[in-house]
Amino acid sequence: MEDDDYKLLINGKLVRGAATIDVINPATEELLAIAPRSDRDQLEEAIAAAKAAFPAWSATLIRTRGAILKRLADAIEVKHAEFSRLITLEQGKPLLRAIGEMNATIGLLRYFAEADLPMKVLKEDDKQKIVQRNVPLGVVAAIMPWNNPMLLMMIKVAPALLAGNTMVLKPAPTTPLTTLRFCELCANILPPGVVNVIVDQNDLGGALTTHPDIAKVAFTGSTATGKKVMEGASGTLKRLTLELGGNDAAIVLDDVDVKTVAPKILAAAMGNSGQVCLAAKRLYVHTSQYDEMCEELGRLATAMIVDDGLKQGTEMGPLQNRAQYEKVKTFLGDAKRDGKIVAGGDALDRKGYFIAPTIVRDLPDESRLVQEEQFGPILPVLRYETVEDAIARANDSEYGLGGTVWASNLDRAFEVASQIHTGTVWINKHLDLQADIPFAGSKQSGVGAEFGQEGLEQFTQPMVINMAK
Ligand code: NAD
């Protein structure tokens, strides 16, 4: 077991929780640590502290806040190895991927530390001057899922703080440890109350999102919970960023070299054991290359090394928690019933929430594995005859997060990508999220944007000052 000296952060103080929760290592199913759990009173204290800290923090110069964020990035960097290891222990992903998550987390913090919200002159003539300032909103609640605990926390914290807001953070109950370690750094570097961290057992989200003193909710999680957040936020018309589920299609055009693209497609589907909102979750392959692609993906999936993420050489770790593991097993059952398993198809016969990388072919479009978000290491490979048909089927989804087109002819690929109804489409690459490029889900995959200047401005209210000369 790890040290169980984890504390909540409320009003600048590291405090015990009113209760505790057990945090489980998904690779061993053993107790990893005991984390503090907040009660309703501690939630109220956290919100009150953030509210009290807002006037002073929002009054500081943006460059002062940027400098403080840089100090925070330096402090995280010093503990890079410790954070990476802890991500693997609580989340399950291979250590190399955890290191990648930490690199991206620090990169985001440094990007926003340098960002700016300059006053814009909208109009000026001899009679008038009209300007727009982007002012902070107040207390922001940040609610995170369990698949990328540090990255998805930082994409909220960095822009919200730079813009001058104060915050209450709530990590997912199964991955609170890295956020709790992060709050120790906040306690040393930020003024009291600017960041507060509470932990729940999936029971305080509603109180947080309906609270009258919360001005904005920045939420990443499932579409079902996102709808509850939206409903809860309506009482006081809170601002919202919702980054929700996806069922991303990957379309392979018939001019590719199957052996070249298959490893990249497999990585797009199996990365983080498929627990990526933007993972390739349905693959459309032209009938002329269908058999070859299924065979190649099956060969590669069978060869993947699935093990504890701390073991050197591990390519895929376990699913993050038992509930998700049980859910993914029901998808395996459906896949066996409705289609043909090319590789995998079962949970591993060992301790830990391990599922073999699974490739399924010959599934009907109506199958649950095609219609719903599996959020696990199972890729359905679907056959198409015409590109128009592949595009129509890719778009036949309530989700609209991302997608990919794999092709040799880039003009043709661009034409296909332009017809996909999602917030992001990649061509011949995948999951390339850059700090200065906005990312936004369409349809039921989200509301608002994260990353880039657009992501920063989502933590502000545009305010116009219109003066006569
Ligand atoms: P989830 O919706 O179950 O939980 C997310 C968070 O919401 C957790 O912190 C949870 O405690 C909290 N929560 C639970 N009930 C709540 C309520 N009533 N009000 C407010 N908060 C509440 O999601 P999950 O299972 O942790 O994460 C997986 C999902 O997240 C997948 O659907 C995935 O696609 C999505 N996701 C989306 C993105 C994106 O950027 N679009 C990124 C990562 C994950």
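The side chain of T88 reaches the backbone oxygen of K93 at 3.0 Å, a polar contact in the sense of a pair of N or O atoms within 3.5 Å, where within protein one must be able to donate a hydrogen and the other to accept it, and residues adjacent in sequence count only if both atoms are side-chain atoms. The model is predicted, with local features needing pLDDT of at least 70 and side-chain atom pairs counting only at pLDDT 80 or more, while totals for chains, interfaces and linings use all residues. Residues are numbered from 1 along each chain as its sequence is written, and side-chain values use heavy atoms, with hydrogens and water left out.

T88 lies in helix α3, residues 80-91; helices (H or I, at least four residues) and strands (E, at least two) are DSSP runs, numbered from the N terminus. With a relative accessible area of 2%, T88 is buried; buried means under 20% relative accessible area, exposed over 50%, and partly exposed in between, for a 1.4 Å probe and protein chains only. Apart from neighbours within four places in sequence, T88 is in contact (heavy atoms within 4.5 Å) with K93, P94, L95, A98, G309 and L310. The C-alpha atoms of T88 and N25 are separated by 8.8 Å, although these residues stand 63 residues apart along the chain.

The account now turns to helix packing. Two packed helices are described by the angle between their axes and the distance between the axes. Helix α2 (residues 62-78) and helix α4 (residues 95-114) have axes that come within 8 Å and cross at roughly 165°. Such axes are lines fitted to C-alpha atoms, for helices over the stretch in contact, and angles run from 0 to 180 degrees between N-to-C directions. α2 and α4 are therefore roughly antiparallel to each other, since angles under 35 degrees count as roughly parallel, over 145 as roughly antiparallel, 65 to 115 as roughly perpendicular and the rest as oblique. The residues making this contact include R63, G66 and L69 of α2 and M102, I106 and L109 of α4.

α4 also packs with α5, at an angle of about 5° and with the axes 9 Å apart. That makes α4 roughly parallel to α5. Among the residues that meet are E101, M102 and A104 in α4, and P149, M150 and L151 in α5.

Beyond α5 (149-162), N165 is found in the loop between that helix and β8 (166-170). N165 counts as buried, at 0% relative accessibility. Its side chain reaches two backbone oxygens, that of A160 at 2.9 Å and that of F459 at 2.9 Å. Leaving aside neighbours within four places in sequence, the contacts of N165 include F54, W57, P136 and L137.

A sheet comes next. β5, β6 and β22 form an open sheet of 3 strands in the order β5-β6-β22, with antiparallel pairing; two strands pair if DSSP finds at least two bridges between them. The edge strands, each pairing on one side only, are β5 (120-124) and β22 (460-468). From one strand to the next, the twist averages 20°. β5 pairs with β6 (residues 128-136) in the antiparallel sense over 4 bridges, and K123 stands opposite I130 in β6.

R361 is buried, with a relative accessible area of 15%. A polar contact of 3.0 Å joins its side chain to that of D291. Not counting residues up to four places away in sequence, R361 touches several residues, including Y290, D291, C294 and R383.
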